[in-house]
Amino acid sequence: RQLQHLLSHILPWAKQRRLQDIDAMCAADFLIHLQNAEVSSSARAKTWSTFHEILQEAHQQKLLRYDPCCGLHLPESARPHREALDNDEIALLLSLAEADTRNAILKFLLFSGLRISECLGLTWENVDLTEGTLRVRAQLIGCRKGCGAFVIRHTTKSRKERTVFLPVQAVRLLEKLKATAEDVALVFRHPDGRAYRPDEIRKQL
């Protein structure tokens, strides 16, 4: 990976520059070049890390008088701003969900705020209808088409277990599902018992 960053970004920028000529101004110039490059934030961070490591090593080997990157930092990428649904949009989503066979999932996502993978990976043992809470401990990350086999990852995206306090609408929805649920582990499943695939729910949304 470091070689990839070196060939893709660092060497094209360096061109005819000699290592001994790279100073703080050059390092700052590369930082600006990297910020303007059309790459992912992850690739940008790894490329800067590789660049910094090269110059640090050059300084330690006494090829440079000082570390040109000292004091320079790659700014964190701003997270995209996401607008919350307003009341009219919520009402529209609920009305559309009524006509869909997956309406229970769509409603529960809205009521609970869970991620799709967390919702599909929810099991009855982690639901407390009396207290109106659930424990988010796992996520369903995929299942095989045409069969009931599914893959559960026993960790959340944040790698932390959390307790969610449910609104009345979510509790009532789960009570209805529980009343008709057979001896199955997953809360949300197809009528024939198959697990839902995360991608089909994302597509529906």
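Biologist: In which helix is the place of Leu34?

Modeller: Leu34 belongs to helix H2, residues 24-36. Before we go on, this is a predicted model, in which local features need pLDDT of at least 70 and side-chain atom pairs count only at pLDDT 80 or more, while totals for chains, interfaces and linings use all residues. Residues are numbered from 1 along each chain as its sequence is written, and side-chain values use heavy atoms, with hydrogens and water left out.

Biologist: What makes a stretch of chain a helix or a strand here?

Modeller: Both are DSSP runs, numbered from the N terminus: a helix is a run of H or I of at least four residues, and a strand a run of E of at least two. By that criterion the protein has eight helices and five strands. Their order from the N terminus is α-α-α-α-α-α-β-β-β-β-β-α-α.

Biologist: Why is Leu34 called buried?

Modeller: Buried means under 20% relative accessible area, exposed means over 50%, and partly exposed lies in between, with a 1.4 Å probe and protein chains only. Leu34 has 0% relative accessibility, and therefore counts as buried. Of the 205 residues of the protein, 36% fall in the buried class.

Biologist: With which residues is Leu34 in contact, leaving aside its neighbours within four places in sequence?

Modeller: Contact means heavy atoms within 4.5 Å. On that basis Leu34 is in contact with Arg44, Thr47 and Trp48. A separate value, between C-alpha atoms, places Leu34 and His9 8.0 Å apart, although 25 residues separate them along the chain. For the protein, 58% of the contacts with a separation of 6 or more are between residues 24 or more positions apart.

Biologist: Why does Leu63 count as partly exposed, and where is its place?

Modeller: Leu63 has 45% relative accessibility, so it counts as partly exposed. Its place is in the loop between H3 and H4. Leaving aside neighbours within four places in sequence, Leu63 is in contact with Leu19, Gln20 and Ala58.

Biologist: Why is Lys62 called exposed?

Modeller: The relative accessible area of Lys62 is 74%, and therefore Lys62 is exposed. Lys62 is also placed in the loop between helix H3 (41-60) and H4.

Biologist: What is the phi of Lys62?

Modeller: Phi of Lys62 is near 65°, a positive value in a residue other than glycine. Most residues other than glycine have a negative phi.

Biologist: Where is the place of His190, and why is His190 called buried?

Modeller: His190 is in the loop between helix H7 (168-180) and helix H8 (198-204). At 15% relative accessibility, His190 therefore counts as buried. Not counting residues up to four places away in sequence, His190 touches Ala195, Tyr196 and Glu200. The C-alpha atoms of His190 and Arg102 are 8.4 Å apart, and the two residues are 88 residues apart along the chain.

Biologist: What makes a space a cavity rather than a pocket?

Modeller: On a 1 Å grid over the protein atoms alone, a cavity is a set of points where a 1.4 Å probe fits but cannot get out, whereas a pocket is an open set with protein on both sides within 12 Å along at least five of seven lines; lining residues have an atom within 4 Å of a point. A search of the whole structure finds one cavity of 30 Å³ or more. The largest cavity holds about 50 Å³ of space, and its lining includes Leu114, Glu118 and Arg135.

Biologist: Which residues lie nearest the centre of the second largest pocket?

Modeller: Of its 14 lining residues, Leu85, Leu93, Leu106, Leu109 and Leu205 lie nearest the centre. The second largest pocket has about 310 Å³ of space. H4 supplies the largest share of the lining, four residues.

Note on methods:
Points joined across faces, edges and corners; volume = space filled by probe spheres on them.
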